[in-house]
Amino acid sequence: MAELAIFGGPKVRSNPFPQYKTIGDEEKRAVMDVMDSGVLSGFLGAWSSDFLGGERVKKLECEWTEHFKVAHAVSVNSATSGLNVAVGALGVGPGDEVLVSPYTMSASAACVLVYNAIPVFVDILPDTFCLDPEAVRRAITPRTKAIVVVDLFGHPFEADQIMQIAREHGLKVIEDAAQAYGASYHGRPAGTLADIGIFSLNVHKTIQCGEGGICVTNDPELADRMRLIRNHAEVVVKDMGIKNIVNMIGFNYRMCEIEAAIASEQLKKVDDLAAVRVENADYLTQRLRLFPGITPPSLKPGLKHGYYGYPVRYDAKVVGINRDLFVAALRAEGVPAKSGYVEPIYLQPLYQQRIAYGTKGCPFTCSFNKDIKVSYAKGLCPVAERMQDEELIGGAAVHKGVLKSDLDDIVNAYEKVLGAVPLLAEHQAKISKTG
Ligand SMILES: Cc1ncc(COP(=O)(O)O)c(C=O)c1O
């Protein structure tokens, strides 16, 4: 076996991995049509026929409802805006607790703070990276109002159990499906498994329009409230005769016509793009699962993964060296690999210092929240912390454009590094002696 690249040997791969490209002539033509029309946004922040957006925005929303078999789709300018809109629509406010995953993009939790409520972080399951239903059950208090679940890396959350718990306690559930295109749960698409689902159309996602998001729901009242919050609600509630004005401060979360036109074209491609990810992920899994100490993503029967990410779990005791050294050795071989995903959210300065609004610690110190005893201490969610600090290897690319030969390079790099563990273990011992 050749010497490891981390020690100066030849790399398994020296050319970069293929980039993800989904924008073609269809999107270019769609953009030019909008440009030719001269109207780049069809929204008006006043009660009128333009309150609900332009032609292409409405068309996209209609296509989204058909594709995902859901009653209402409300487009917004990002999934972050979508999460805010969803929390607002549910009537969450000061004095409320909202259960959230600590292992996700920060917006899945920050949306709770936007409405002056308190995020309560609940641990995840090690095999899916999604919220642990039993931990959810234990975290519910009389103040709990809602749950934000995340289909992390494209694995659908434990929908039956969590929706059952939510119904028992009268809680609403928001499904952050930003990463979950192509995923499904017993035949139902991810994003449609809870009271409100949120998709992202940012540049990194399976489909994109630059920046954008879509909220979906089967509840007509929630859909109306989300449309209001998206577009300056406070201006129109009087004219529209809206009685429930809770959380009716509106924003400009509107999607413009160019983004909607691109998103419509991307939606036509989403099934094919998701299928490539599954095919590539399955190919990788068949090979990586043969290596001791390496656990590729697994799925329960009836579930489909979207493989936005391809999370591998690493067992340092079985392999014999720590994960970060293993990842450094893989990267040196020229294949994509990353230690962990993101720091559990509660370890961010915002939660550690409890400063969100102004200098007085609001909303944590607000009189409606002062009796909420929430912990953001290290150790709060041991599974999420262990995944981040010790077990998760992310970064493997399975998107369209990645060929079997690229995936073979990943497998070959794993094999090469695993074959040289005794040398790496010596290296690790030396480093730890010298500090
Ligand atoms: C799980 C999750 N939620 C929310 C978001 C926010 O999406 P956007 O960039 O569209 O606001 C992201 C984006 O990376 C995400 O991965």
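In this predicted model, the C-alpha centres of domain 1 and domain 2 are 32 Å apart. The domain assignment of the protein chain builds domain 1 from residues 5-18, 269-341 and 387-434, and gives residues 25-267 to domain 2. Where the domains touch, domain 1 contributes 18 residues and domain 2 contributes 21 residues. On the side of domain 1 that touches domain 2, the elements giving two or more residues are α9 (257-288) and β11 (303-304). Helix α9 has the largest share of that side, six residues. Sorted by class, the side of domain 1 that touches domain 2 holds 10 nonpolar, five polar and three charged residues.

The ligand is surrounded by 14 residues, and the closest are Ser78, Ala79, Thr80, Ala178 and Ser200. Helices α3 (79-89) and α4 (107-114) each supply at least two residues of this shell.

Strand β6 (residues 184-185) is joined to β7 by two bridges, and the two run antiparallel. Tyr185 has Arg188 in β7 as its bridge partner.

Two further helices can be described at residue level. In helix α11 (residues 323-332), the buried residues are Arg323, Leu325, Phe326, Val327, Ala329 and Leu330. An α-helix has 3.6 residues a turn, so residues three or four places apart point the same way. After α11 comes Gly334, with a positive phi near 95 degrees.

Helix α15 (residues 421-434) contains Pro422. Pro422 counts as exposed because 10 other C-beta atoms lie within 10 Å, and the limit for an exposed residue is 12 or fewer. In sequence, Pro422 and Gly320 are 102 residues apart, while in space their C-alpha to C-alpha distance is 8.0 Å.

Technical notes
Residues are numbered from 1 along each chain as its sequence is written. This is a predicted model: local features need pLDDT of at least 70, side-chain atom pairs count only at pLDDT 80 or more; totals for chains, interfaces and linings use all residues. Domain bounds come from an automatic or database domain assignment. Two residues are in contact if their C-beta atoms, placed from the backbone, lie within 7 Å. Helices (H or I, at least four residues) and strands (E, at least two) are DSSP runs, numbered from the N terminus. Ala, Val, Leu, Ile, Met, Phe, Trp, Tyr, Cys and Pro count as nonpolar, Asp, Glu, Lys and Arg as charged, and the others, Gly among them, as polar. A residue is buried if 20 or more other C-beta atoms lie within 10 Å of its own, exposed if 12 or fewer, and partly exposed in between; C-beta atoms are placed from the backbone. A residue is near a molecule or strand if its C-beta atom, placed from the backbone, lies within 6 Å of it. Two strands pair if DSSP finds at least two bridges between them.
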